[in-house]
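Please read them with the sequence and the structure open.

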Amino acid sequence: MQLRTATRADIPELIRLRAVALEALGVDPGPAEAPWRNIARGWFAERVGDSRPDCTCLVVGGGPGEPLQAAGMAWVTYHLPDPRRPDGRRGYIDGMVTEAGARGQGHAGRIVTGLVDWLNGLGVHFVQLHASSAGASVYRAAGFAAARYPGMDLITAPEPAPRP
């Protein structure tokens, strides 16, 4: 299957694949009318296509609007400058997901390579991501290593209660 840049016509499929990723991470995505899906529609609309030069989404699947097998995104994040990155830019890869029946076919590896190449083309050579245990081998094969500084999280609002 062909690797290509996502278009706005792919947004429903990107939301569907987001639900696939959430399920794989042990999070119940809820029903098709769950509020997060409408928010995700707007989120993707702001980032997919030519709307932002510092963000891209690559997909594997048919033509725009047809079923997707895999997807992943990358964007530029902005941090304080330092001697190694005088402009403070870093790349971040997120939203990596492959449909269960399409796993093990190299789709994720091709997407990661494409995203890193896109970031390199922007002059961004420091790339970060968070890896699930299922995806870690894909990232290691692409040259990623454990982060120098461990990540930490702080959640300042209560998480919504699980649906009955």
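1. Aromatic pairs. The structure holds four aromatic pairs, where rings of Phe, Tyr and Trp (for Trp, its six-membered ring) pair if their centres lie within 6.5 Å, and planes under 30 degrees apart count as stacked, over 60 as edge-to-face and the rest as tilted. In one of them, Trp43 and Phe44 have ring centres 5.2 Å apart and planes at 90°, so this pair is edge-to-face. Trp43 is partly exposed, at 31% relative accessible area, while Phe44 is buried at 7%; buried means under 20% relative accessible area, exposed over 50%, and partly exposed in between, with a 1.4 Å probe and protein chains only.

2. Basis of the model. This is a predicted model, in which local features need pLDDT of at least 70 and side-chain atom pairs count only at pLDDT 80 or more, while totals for chains, interfaces and linings use all residues. Residues are numbered from 1 along each chain as its sequence is written, and side-chain values use heavy atoms, with hydrogens and water left out.

3. A second pair with Trp43. The rings of Trp43 and Trp75 have centres 5.9 Å apart and planes at 70°, so they too are edge-to-face. This pair links distant parts of the chain, with Trp43 in helix α2 and Trp75 in strand β3, 32 residues apart. Helices (H or I, at least four residues) and strands (E, at least two) are DSSP runs, numbered from the N terminus. Trp75 counts as buried, at 17% relative accessibility. Ring pairs join Trp43, Phe44, Trp75 and Tyr92 into a cluster.

4. Where is Arg85 found? Arg85 is in the loop between β3 (68–78) and β4 (89–98), and it counts as buried, at 15% relative accessibility. Leaving aside neighbours within four places in sequence, Arg85 is in contact with Arg90 and Phe126, contact being heavy atoms within 4.5 Å. Arg85 lies over the face of Phe126, 4.1 Å from the ring centre. A charge sits over a ring if NZ of Lys or CZ of Arg is within 6 Å of the ring centre and within 35 degrees of the ring normal.

5. Helix α1. This helix (residues 11–24) has 14 residues and reaches 20 Å from its first C-alpha to its last, close to the 20 Å expected at 1.5 Å a residue; the expected span is 1.5 Å times one less than the number of residues. Buried residues of α1 include Ile11, Leu14, Ile15, Leu17 and Val20. The elements that cover the buried residues of α1 include α2 (35–47), β2, β3 and β4. Just after α1, Gly26 takes a positive phi of about 85°.

6. Helix α3. The 15 residues of α3 (residues 107–121) should span 21 Å at 1.5 Å a residue, and the end C-alpha atoms are 21 Å apart, which agrees. Its buried residues are His107, Ala108, Ile111, Val112, Gly114, Leu115 and Leu119. Seen down the axis of α3, these fall within an arc of 165°, so they line one face of the helix; the arc is that of the directions from the helix axis to the C-beta atoms. The buried residues of α3 pack against β1 (3–5), β2, β3, β4, β5 (127–129) and α4. Gly123 follows α3 and has a positive phi, near 85°.

7. Cysteines. How many disulfides does a search of the whole structure find? The search finds zero, a disulfide being a pair of cysteine sulfur atoms within 2.5 Å. The sulfur of Cys55 is 7.7 Å from the closest cysteine sulfur, in Cys57, which is too far for a bond. Cys55 is buried at 4% relative accessibility, and Cys57 is buried at 3%.

8. Two positions compared by sequence and space. Gly61, in strand β2 (residues 55–61), is buried at 8% relative accessibility. Gly61 and Leu3 are 58 residues apart in sequence and 7.2 Å apart in space, C-alpha to C-alpha. Beyond its neighbours within four places in sequence, Gly61 has contacts that include Met1, Gln2, Arg4 and Pro67. Ser137, in helix α4 (residues 136–141), is partly exposed at 44%. Ser137 and Arg89 are 48 residues apart in sequence and 26 Å apart in space, C-alpha to C-alpha.
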